[in-house]
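Trainee: I've got a new structure to look at. Can you walk me through some of the side chains?

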Amino acid sequence: MNKIPKIGCACEKPTSDYTEYRSSELGIDHTNGRYAEVTIQQCKLCQRIWIRYFVEFEHLSKSGRWYKGIVSKKDRLQITPENAVDYLESLEWYVYGGSFFETTGILGSGKMNVDA
């Protein structure tokens with residue numbers, strides 16, 4: 001399990017706003033037909049790097065869900081859209097939310113619910 005220390009930055013709060021980050025696309029995860037968007041985000045305050053995984057199934061209402069977790073600069077180079085789920089599930093904690101969960105964000109860990 002990857003231990004990520006909390007430092008008290010606003011980016012650790014589940015309801016942090018997307019405007020608090022610089023974002024760049026990492027790519028699309030096509031695993032199991034998910035077509036999930038995988039994004040790299042960097043907190044404007046503390047400069048930590050996050051991996052954000054977003055998936056939504058157009059044929060299902062309220063299916064949108066996202067997960068994001070902090071990644072070290074060293075590990076960042078190893079992350080691809082296809083292994084982002086495995087990486088996030090290996091973290092001690094991550095933040096998740098979306099219409100599927102009916103929340104703007106909560107802390108979680110372990111297995112992610114990313115399939116329809």
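Trainee: Which side chain of opposite charge is nearest to Lys68, and how far away is it?
Mentor: Keep in mind that this is a predicted model. The nearest one is Glu20, 6.7 Å away. Lys68 is buried yet has no salt bridge. A salt bridge needs the two charged groups within 4 Å.

Trainee: Where is Lys68 found?
Mentor: In strand 4.

Trainee: What polar contact does the side chain of Lys68 make?
Mentor: One with the side chain of Tyr21, at 2.7 Å.

Trainee: Which ring does Lys68 lie over?
Mentor: Lys68 lies over the face of Trp50. The distance to the ring centre is 5.1 Å.

Trainee: And Lys6, which ring is that one over?
Mentor: Trp93. Lys6 is 4.9 Å from that ring centre.

Trainee: Switching to aromatics. How many aromatic pairs are there in the whole structure?
Mentor: A search finds eight. Among them is Tyr67 with Tyr94, an edge-to-face pair. Their centres are 5.6 Å apart, with 75 degrees between the planes.

Trainee: Which parts of the chain does that pair link?
Mentor: Distant ones. Tyr67 is in strand 4 (residues 65-71), and Tyr94 is in strand 5 (residues 94-98). The two are 27 residues apart.

Trainee: Are Tyr67 and Tyr94 buried or exposed?
Mentor: Both are buried. Now take Phe100 and Phe101, which also form an edge-to-face pair. That one has 5.0 Å centre to centre and 85 degrees between the planes.

Trainee: How accessible are Phe100 and Phe101?
Mentor: Phe100 is partly exposed, at 33% relative accessible area. Phe101 counts as partly exposed too, at 25%.

Trainee: Which residues do the ring pairs link into a cluster?
Mentor: Tyr67, Tyr94, Tyr96, Phe100 and Phe101.

Trainee: What about Cys11, where is its closest cysteine sulfur?
Mentor: In Cys46, at 3.8 Å. That is too far for a bond. Cys11 is buried, at 0% relative accessibility.

Note on methods:
Residues numbered from 1 in each chain as written. Predicted model: local features only at pLDDT ≥ 70, side-chain atom pairs only at ≥ 80, totals over all residues. Heavy atoms only, no water. Disulfide = S-S within 2.5 Å. Buried < 20%, exposed > 50% of the residue type's maximum accessible area, 1.4 Å probe, protein only. Phe/Tyr/Trp six-rings, centres within 6.5 Å; stacked < 30°, edge-to-face > 60°. Helix = DSSP H or I, 4+ residues; strand = E, 2+ residues; numbered from the N terminus. Lys NZ or Arg CZ within 6 Å of the ring centre and 35° of its normal. Lys, Arg positive; Asp, Glu negative; His and termini not counted. Polar contact = N/O pair within 3.5 Å; in protein donor to acceptor, adjacent residues only side chain to side chain.
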